[in-house]
Amino acid sequence: MLARILRVIPMDQGGAQVILSMEKRLTVVKPLKSPHSTLKAKVKYHEEKHKLTKELKAYSISIITTIKELLKLNPLFKEELQIFLGHSDFTEPGKLADFGVALTTASRDDLQDVLETFAIEGRVDKALTLLKKELDISILQNNINQQIETTINKSQKDFFLREQLKTIKKELGIEKDDKSLDREKFQDRLKDKKVPHDVKAVIEEELEKLSVLDVQSAEYAIARGYLDWLTIIPWGVKSEENLTLVEARKILENDHYGLDDIKDRIIEFISVEKLSGGVKGSIICLVGPPGVGKTSIGKSIARALNREFYRFSVGGMRDEAEIKGHRRTYIGAMPGKLIQALKSCKTMNPVIMLDEVDKMGNSFQGDPASALLEVLDPEQNCEFLDHYLDVRCDLSDVLFIVTANMLDTIPSPLRDRMDILRLSGYVMNEKVQIAKKYLLPRNRKIMGLKAKDVQFSEDAFRNIVNGYALESGVRNLEMQIKKILRKIAVKIVAGREEEQKTKKGKGKKEEEEKAKFVITGKNICTYLGNPYFTSDRFYDVTPVGVCTGLAWTAMGGATLYIEAIKITAERVDMKLTGQAGDVMKESSQIAWSYLHSSINKYAPEYTFFEKTLVHIHIPEGATPKDGPSAGITMVTALLSLLLNIPVLHDLGMTGELTLTGRILPIGGVKEKLVAARRSGLHTLIFPKENERDVLELPEYIKEGIDIRFVNHYDEIIPIAFPGRKCIEI
């Protein structure tokens with residue numbers, strides 16, 4: 001293309017912008033060598049010779065019309081049009097087409113395509129196409145701009161009108177400004193509250209600060225938010241507790257089956273409160289396996305006390321600011337969960353439940369467990385200081401209920417501040433009653449079923465517990481009941497749909513009989529499939545070298561088998577497997593040493609495993625195990641292996657053994673008794689010092705089990721091996 005330079009515009013970053021006027025098209029025939037740095041080539045000029053036909057004239061008029069419409073929408077093209085008019089003629093369709101294409105924002109490929117088109121008819125057609133596309137884009141852009149301008153203008157107009165209206169109302173005394181409204185709102189909140197003097201002084205000081213600040217300033221928003229929290233706390237407001245002991249016990253009985261020790265503790269709390277006029281600093285810790293009702297009993301306690309209830313979980317909490325709040329210097333600062341609980345409950349004496357307190361963590365942001373020390377200490381929580389409020393708040397009227405699965409992970413200073421109540425697992429009779437009185441009616445109602453639609457026999461509940469829900473709690477039991485009810489719901493709906501299709505009239509009595517489903521112990525497998533659990537027991541007949549122990553876990557009680565075999569070896573040795581922890585490994589060493597030292601008392605006719613490797617294994621090797629209470633079980637298994645005599649059938653034992661044979665007390669007595677009953681053990685051996693714990697348990701848990709209490713291992717020999725006696729040395 002042969003072009004004429006019209007203007008050179010220097011650029012700030014260096015270089016220049018050049019405006020060219022295209023004169024003629026040309027084709028490069030071949031490049032020529034040049035002694036200078038300039039580029040030279042032999043070219044062939046293309047002379048545009050054409051007649052102005054009607055078609056070209058029509059194209060030219062269309063191009064001019066499109067350019068005019070573009071100029072209306074985009075005035076920036078006017079300067080280019082003036083340059084073109086000064087150097088070109090509109091009567092030339094080729095130049096008109098080239099100019100029109102220059103006004104578009106077409107891609108480089110499209111522009112090059114027009115440039116390479118020598119035929120005038122093809123060129124004007126392509127130019128008009130590109131111009132039409134550009135016109136469509138400009139129209140769309142113009143519509144978008146108009147919409148935005150309309151919205152902005154409307155918003156500005158509304159703003160000015162509101163401001164004028166606000167000013168007019170203020171002049172007439174009809175409406176007050178935002179600052180006055182905020183002040184009145186905060187003062188109205190405090191009318192019926194007994195605000196402490198130090199808090200009142202802080203509020204008055206903040207109100208004065210608020211009055212001198214500009215409403216649009218950031219400091220005003222911070223001060224307003226602070227006053228909002230200070231005034232919304234229910235200072236001096238308490239729930240009235242007018243329930244009698246009979247009403248309170250009735251509420252507790254309606255919500256939960258069993259748990260007599262928990263219910264007695266709440267009745268004691270209400271009684272003391274009625275006599276003294278208020279009990280301060282009460283912290284109850286409910287400890288037990290999952291699914292035994294720790295969280296739900298908290299709601300029942302709040303109902304029995306006629307108090308508001310607030311629950312939040314501290315499991316996984318790593319930031320102490322969740323408890324004590326953020327300092328107001330931080331953006332987005334808020335009070336802690338306890339102040340938020342008071343705001344939500346609107347009283348100063350709610351029941352606040354801290355769930356999963358044994359699963360708190362700590363990080364660089366602080367230790368929440370340490371922050372709870374002030375909250376759960378009756379001597380300190382009367383002057384609890386939240387970092388955000390920065391004023392003292394009395395939490396002594398709050399009843400704190402803490403839940404945990406185990407106490408080991410709770411720091412001892414925090415544990416010392418709690419009244420610990422243990423919720424052990426449920427036995428068979430308790431689970432059946434809970435399913436019958438609570439789980440079945442509640443889930444039947446949730447699923448839209450009626451009492452006539454489904455009935456469960458007691459055998460059905462027992463089979464569900466034994467075969468599908470052996471855990472300590474009732475959560476899995478409820479899931480199995482839901483599963484059955486869902487299948488029954490499908491059958492009922494399918495039957496009704498089939499009935500509507502056939503449209504056969506049937507009597508009401510016949511419909512009711514057809515809709516009823518009876519779940520028994522025999523047909524339970526049709527709804528739940530084959531049982532998950534057949535038995536906790538590995539052996540129908542106890543073999544030599546095997547003894548049954550009782551263990552406590554976070555999920556409740558469990559039976560624990562200790563197996564021992566002997567293998568010929570060059571020297572006497574003992575090996576322990578089964579994921580045993582350090583304490584259990586030490587227990588096995590103590591059992592080995594004690595039996596070795598006492599062999600003359602228990603088996604004088606035998607030598608102690610000469611040239612034998614004794615292998616002790618604790619089954620279910622994938623499960624970690626630890627604790628000292630398997631000491632006497634290990635000695636009994638080793639002695640059975642040495643004597644080649646099996647241990648008494650249906651015998652279970654638990655107790656920590658010392659090197660002198662003394663048996664020390666253990667924990668989790670109820671859980672272990674529940675596990676023994678579930679496994680069908682009839683004789684149990686417990687340490688003598690645990691006799692008090694066993695006597696406190698309900699009779700239905702101990703019924704049918706012969707419990708023996710021992711102080712020394714010598715007393716176990718005639719129980720575990722009937723007919724053998726310990727020889728006095």
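Hello everyone, and thanks for coming. This is a predicted model, so please keep in mind that local features need pLDDT of at least 70 and side-chain atom pairs count only at pLDDT 80 or more, while totals for chains, interfaces and linings use all residues. Residues are numbered from 1 along each chain as its sequence is written, and side-chain values use heavy atoms, with hydrogens and water left out.

The largest one holds 54 residues, and Phe312, Ile323, Leu338, Val357 and Phe400 have the most contacts inside it. At least two residues each come from α7, α8 (218–232), β4 (282–287), β5 (309–313), α13 (337–345), β6 (351–355), α14 (368–375) and β9 (399–404). Helices here are DSSP runs of H or I with at least four residues, strands are runs of E with at least two, and both are numbered from the N terminus. Which element gives the most to this core? That is α8, with six residues. There is also a second, separate core of 52 residues, and Ile266, Ile284, Met353 and Ile481 are among its members.

Let me pick out Val357. Leaving aside neighbours within four places in sequence, Val357 is in contact (heavy atoms within 4.5 Å) with Val314, Leu372, Val402, Thr403, Ala404, Ile410 and Leu414.

Now the sheets. Two strands pair if DSSP finds at least two bridges between them. Five strands make an open parallel sheet in the order β5-β6-β9-β4-β10. At the edges sit β5 and β10 (419–422), each pairing on one side only. Neighbouring strands are turned by 20° against each other on average, direction ignored; axes are lines fitted to C-alpha atoms, for helices over the stretch in contact, and angles run from 0 to 180 degrees between N-to-C directions. Inside the sheet, β6 and β9 run parallel and are joined by four bridges, with Val351 opposite Leu399 in β9. Lying across β5, β6 and β9 is α13, which runs at about 150° to β5.

The other sheet is open too, with three strands in the order β1-β2-β3 and antiparallel pairing. Its edge strands are β1 (2–10) and β3 (40–46), and the twist averages 60° from one strand to the next. Eight bridges join β1 to the antiparallel β2 (residues 16–32). Arg4 stands opposite Ser21 in β2, and Pro10 has Ala16 of β2 as its bridge partner. In the hairpin of β1 and β2, five residues lie between the strands, and Gly14 there takes a positive phi near 100°.

Last, a helix pair. How do α6 and α7 cross? The axes of α6 (residues 178–189) and α7 (residues 197–212) come within 10 Å and cross at roughly 170°, so the two are roughly antiparallel, a label for angles over 145 degrees, where under 35 is roughly parallel, 65 to 115 roughly perpendicular and the rest oblique. Lys179, Asp182, Arg183, Phe186 and Gln187 of α6 meet Leu207, Glu208, Leu210, Ser211 and Val212 of α7. Thanks, and happy to chat!

Terms used: A nonpolar core is a set of buried Ala, Val, Leu, Ile, Met, Phe, Trp, Tyr and Cys residues joined through side-chain atoms within 4.5 Å. Buried means under 20% relative accessible area, exposed over 50%, partly exposed in between (1.4 Å probe, protein chains only).
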